[in-house]
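Work through the exercises below with the model open. Try each task before you read its solution.

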Amino acid sequence: MAETGIGASVRRKEDPRFLTGRGRYVDDINRPGQLHAYFLRSPVAHARLTSIDTSAAEQAPGVVAVFTGQDMAADNVGSLPCGWVVTDRHGEPHKAPPHYPLARDKVRYVGDHIAMVVAETRAQARDAVDLIDVDYEELPAIVDVRDAMTGSLVHDEAPSNLCFDWELGDQAAVNEAMGQAAHVVELDLVNNRLIPNAMEPRAAIGDYDPGTEAYTVYSTSQNPHLLRLILCAFVLNLPETKVRVIAPDVGGGFGSKIFAYAEETCCTWAAKKVGRPVKWTAGRDEAFVSDAHGRDHFTNVKLALDQEGKFLALKVDTTANLGAYLSSFSTCVPTYLYATLLAGQYATPAIYANVKGVFTTTAPVDAYRGAGRPEATYLIERIVEVAARKLGMDPAELRRKNFIQPDQFPYQTPVALTYDTGNYEPSLDLALQMIDYQGFAARRAESERRGKLRGIGFSAYIEACGIAPSAVVGALGAGVGLWESAQVRFNATGTVSVMTGAHSHGQGHETTFAQLVSEKLGIPYENVEVVHGDTGAIPMGMGTYGSRSLAVGGSAIVRACDKIVEKGRKIAAHLLEASVDDVEFKEGKFTVVGTDRSKTMAEVAFTAYVPHNYPEGVEPGLDETAFYDPLNFTYPAGVHIAEVEVDPDTGITTIMDWVAVDDFGRVLNPMIVEGQVHGGIAQGVGQALLENCVYDKESGQLITGSYMDYTMPRADDLPPFRVGMTTTECTHNPLGVKGCGEAGAIAAPPALINAITDAIGTEIDMPATPEKVWRVCQAQFVQAAE
Amino acid sequence: MYAFEYHKPSSVQDAVAALSDKEDPKIVAGGMTLLPTMKQRLASPSDLIDLGGLPELVGIREEGNSLVIGAMTTHAEVARNETVQARIPALAKLAGGIGDPQVRHRGTIGGSVANADPAADYPAALLGLGAAVITNQREIAADDFFVDLFETALEPSELITAVRFPIPQRAGYSKFPNPASRYAIVGVFVAQTDGGVRVAVTGAKGSVFRVTEMEQALASNFSPESVANIRVPADDMNSDIHASSEYRAHLVTVMAKRAVAAAEG
């Protein structure tokens, strides 16, 4: 292994620029003549707009234009589309009411967009927004997913606020198994709503050049081509040749920057209307109310087991909050990214899920780190723990007993997916050893002596990364393909530019992809430059989400490198006066087999661009593009074990230890992978203990609209994580890689909640705040006293 | 933020004059509450009077059996000051637990006390130690200073110049922080002073308050057990998504117990 090749913990190329403040984010970009936009957002959760008077705002200092939904309607601006049509169990497509960038008749959540003021400065635009006079005919708010189907109608198009009533699996088989089982355990649980909180708030600049009739859109996007596609084909009706989307350095996304939002759409449209660039940067307050939120499920789950603890059937009934409008991929998250994962790591023979997606007067809900898979893992691992307690079995051994066995792969689950590979016991064994499971009883006794309650909790998770293949997801309703592109371009002097559709906004692609190309082509790591985030500079690509970048984008890079080597062999064979078949490529050299005659990759690249002595029929240049459409998802899996101590006096939970053993297949940069695991666990701990998006039930106002009330995890909330790895390589991609970006956020919440419930001896919902835990401890104390 | 006039007086006298002259002036000390409030357009003072140009308001000195801390002294300075650490370690610890490092290096004791946030830490120390607020006009006992939610005994043109803390025999502070903001959900300051035992609670109600029942119990026996079974009524306690009034009332007892234990060292 080279110091910078595959498997090396190379320090990140991008960090010097980020750490010294030299990153270039959308808000750092300013265009000549630029104006600033500020949005009038709905102060109420649900209301009919009876009148909007913008005249005073139009006269305000510095104001260039004020736009409303009617102005956009007059220009035939379309609705923001949902890119995945879910067909419900009655064969009906989901209800897709229009989602106009600026509201036309009603507002449906606090923060909904009513008008856009464009002015010389941001402050002037904001001042003018206060002068817009709106009459609201208020309607009742509905914020709780459990109230949605009986609440006031959010959209006339969706009776009972039902977007879809969808199912997966064999209901009859599950019912039969439930009826005959020795044990059936049941649990109601909430998967709490989260606000993404990327470090960089969203921002956009729309810039129109009347000379070329072309737009440049600067956007905080995880997938610039997808944004271009949505803007052009669905909303603004523009040719893609006339729109360039640039997503420069982007400060985190966690899914929230996948989607096409109202703001960048409005800035793009307005730039032509006012003839000057229009910039918008979200304040943190706007991020809270208008970024697509995550999770928000209410679920009933039942698990049937036989006398010995073998799982017989799993039944899941979920209501998922979609918010006020369908965001770009909101419908696939609680369906195809959720119920398809309900087998987990277990050979449960029958599984059935019914999911109802409902509208409420809250911000749209869409993919957030893990997207559906954390929700699936959470309920499986919670109900397995409940079963272990009810049957009096060791939770580790109950899991072991039900694991899919190594000889069962490829394993067809009862919920559509086929796991290509995996081996779950080694991860469990390593995790048990790392946490010193044998010593837990002694540690618990020691805690008890100090008046503390100690608990241990398991999570044996699986996730599906790199959603694919395109034909299959298309058949399930996806409106896009899910391949990735790569272009590997040698320059004459031997440096390489790698154009990838996989956008990097914290993942470290500029480092790992350079490691990959350096190793594949045998050229120095320093000579590789990764280019991403500009539709004008890269081939069409699908972007970054669902832990797909390496498995899909990296595979495309491998394919492009293979093409480079193939062409290089022809050039080298000519230079070496040998047959192409006799030339082999290894460690950066083309060598005539069995001789010491060779040409380096750099020499071949130079020859390709200065083709004075060149093979007949071969094109000059060394620049290859590949598109890769995976054959299947990849299936990372692992076991996390958390150990906690609860203070019964205050209800405070302290995480005492955490081990994470993951199987990510082949690993390119262990340091970056470990960082992803740490970050993911931090977010999972956030969900389990701290974070909770709360809307007021009566008014629909967002109560947790700032960091004064929305609890982000901080460094001192987190324990030192201990990370271990096991490996089964993915069988269907050229690198044998899986995906690691979401695993921590998927695995962590049930591990932590199971540890807490183990400590306090009763079930509890997320987030397990001190008061909730204290109340449980109090109740038990009272019960014990009686 | 709305437009305002900015002033940076070079004497306390000029600052007070500006305070009396202007239509709707506000003093900015560290600005840790005022500036975010202005940015959110929840406050729109006509004039800001910045005390940053008044070095005489900065500093910590020992005077007889008291510590006098200048109004513009930052929380970080109080936390790391050797005299404070030696004479009233609980006060240094309290200051070191306010907000985050950025807030502690900008925020000031005078600003915090004048703002009288019901969840701020300093009011517990002032009331718990029986401190006096020194202004350009007079000295106000802490018992009289904190009136209600964000309300103090300060006159409109009165400026805090320092706080005088009597040095106690021993003192302890224990805080249950709001997990999001890290303000006190409940913070209890306990001190054994020449004037008797004082127990002051912040975060739990609209304003900081004393718990006489605990003070009496501790006066006869200064140990955590003395307060362990003293319950405070929940009726008029704050309640929000982080802590109900009932939970806050419970935490007053738990934090008091821990503050006493901390004071015992």
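**Exercise 1. The chain contact**

Task: Find how many residues of chain B are in contact with chain A, and sort the chain B side by class.

Solution. Step 1: 10 residues of chain B are in contact with 12 residues of chain A. Contact here means that the C-beta atoms of two residues, placed from the backbone, lie within 7 Å. Step 2: on the chain B side, helix 12 (residues 245-264) gives the most, with three residues. Helices are DSSP runs of H or I with at least four residues, and strands are E runs with at least two, numbered from the N terminus. Step 3: that side divides into eight nonpolar, two polar and no charged residues. Ala, Val, Leu, Ile, Met, Phe, Trp, Tyr, Cys and Pro count as nonpolar, Asp, Glu, Lys and Arg as charged, and the others, Gly among them, as polar.

This is a predicted model: local features need pLDDT of at least 70, side-chain atom pairs count only at pLDDT 80 or more, and totals for chains, interfaces and linings use all residues. Residues are numbered from 1 along each chain as its sequence is written, with chains lettered from A and ligands numbered from 1 in the order in which they are written.

**Exercise 2. Two domains of chain A**

Task: Describe the side of domain 1 of chain A that touches domain 3 of chain A.

Solution. Domain 1 of chain A covers 17-139 + 199-252 + 257-290, and domain 3 covers 483-628. These bounds come from an automatic or database domain assignment. Step 2: the centres of the two domains, taken over C-alpha atoms, are separated by 39 Å. Step 3: the contact takes 16 residues from domain 1 of chain A and 14 residues from domain 3 of chain A. Step 4: on the domain 1 side, helix 6 (224-235) and strand 11 (243-246) of chain A give two or more residues. Helix 6 of chain A gives the most, with four residues. Step 5: by class, the domain 1 side has eight nonpolar, five polar and three charged residues.

**Exercise 3. One residue of chain B**

Task: Is B:Ser220 buried or exposed?

Solution. Step 1: B:Ser220 sits in helix 10 (residues 212-220) of chain B. Step 2: B:Ser220 has 8 C-beta neighbours inside 10 Å, so B:Ser220 counts as exposed. The cut-offs, for other C-beta atoms within 10 Å, are 20 or more for buried, 12 or fewer for exposed, and partly exposed in between.
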